Amino acid sequence: MSDTVESVIVAIDGPSGTGKSSTSRAVAAALGLSYLDTGAQYRAITWWMISNGVDVQDPAAIATAAAKPAIVSGTDPANPTITVDGVDVTGPIRTPEVTSKVSAVSAVPEVRARITELQRSIASSAATGIVVEGRDIGTTVLPDADLKIFLTASPEARAARRSGELKGTDVAATKEALVKRDAADSSRKTSPLAKADDAVEVDTTDLTLEQVIECVVTLVEERRCATENTENTEKPAAR
Ligand SMILES: Nc1ncnc2c1ncn2[C@@H]1O[C@H](COP(=O)(O)OP(=O)(O)OP(=O)(O)O)[C@@H](O)[C@H]1O
Ligand SMILES: Nc1ccn([C@@H]2O[C@H](COP(=O)(O)O)[C@@H](O)[C@H]2O)c(=O)n1
């Protein structure tokens, strides 16, 4: 058996509020992997468009500006960071304004091409491996990922989770907003939100966050064992 643990790439996709960020961060921390929140990158470019007066309803204007902001993601699961042109935008990218406009910006092909390139570059330089979460990681960004997971949950469960997070918000309005965002993300032409054919689907509706984390950690460990066994079988016998 080899002493070194192989690097592993895990893609976690799914609709809004299914637990992608919480699960991915915890799994990465438990297994000593890097972590990339790709939604934060789309939020960051949206924040930049709004801050620089670009009309987010004008795809041509967004396409022209897409290469301008310098987006840098920190991949430590204990402290994920995101800056735009050197400015920490961790807080500003979570405002209701950015949330309501991000789907329009992320649908623009030039934005997706730019951010996808950035994501692939970050994933390929993660020494021990990485958990990358988003909407199109398994289908488009990292189609050769070692493990693909697609998280789901009922809209009611997702709205209740989000409302609990954003204290005092109306559950029905929260549900409507997240269903609308999922519909926009699922129906865009360029790499829509979708489950990869070879992804493992995990319905988190009736699972606690801890149960989801445990389930994904087990899936990663099983995949690592399977890969290790295949490699040992393929190696010529030592003489
Ligand atoms: N299985 C679960 N049970 C209960 N609460 C959960 C579960 N999974 C996640 N949560 C909570 O739901 C909220 C949303 O989770 P999270 O941000 O991880 O979802 P997400 O899929 O990354 O959402 P988005 O795509 O909108 O960023 C958080 O407050 C999180 O703690
Ligand atoms: N791979 C991805 C990830 C995200 N998006 C877009 O960003 C929005 C915000 O994502 P959150 O996970 O932070 O909620 C999301 O609604 C998508 O529009 C994407 O297109 N591809």
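**Entry 1: the E4/E5 turn**

I began at the hairpin of E4 and E5, which has 2 residues between its strands. Asp-85 in that turn has a positive phi of about 50°. My ground rules: this is a predicted model, where local features need pLDDT of at least 70 and side-chain atom pairs count only at pLDDT 80 or more, while totals for chains, interfaces and linings use all residues. Residues are numbered from 1 along each chain as its sequence is written, chains are lettered from A and ligands numbered from 1 in the order in which they are written, and side-chain values use heavy atoms, with hydrogens and water left out.

I take helices (H or I, at least four residues) and strands (E, at least two) as DSSP runs, numbered from the N terminus. Strands pair if DSSP finds at least two bridges between them.

E4 and E5 (residues 87-88) are antiparallel, with 2 bridges; Thr-83 has Asp-88 in E5 as its bridge partner.

**Entry 2: E3 and E4**

I then stepped back to E3 (residues 71-74), which runs antiparallel to E4 and is joined to it by 4 bridges. Ile-71 is bridged to Val-84 in E4. This hairpin has 6 residues between E3 and E4.

**Entry 3: the open sheet**

Next I looked up the open sheet of 5 strands, paired in parallel in the order E2-E6-E1-E7-E8. Its edge strands are E2 (34-37) and E8 (200-203), each pairing on one side only. E7 (residues 147-152) pairs with E8 over 4 bridges, and Phe-150 has Glu-201 in E8 as bridge partner.

**Entry 4: ligand 2**

A polar side-chain atom of Arg-43 is 2.7 Å from an oxygen of ligand 2, and the side chain of Ser-106 has an N or O atom 2.9 Å from a ligand oxygen.

Methods: A polar contact is a pair of N or O atoms within 3.5 Å; within protein, one must be able to donate a hydrogen and the other to accept it, and residues adjacent in sequence count only if both atoms are side-chain atoms.
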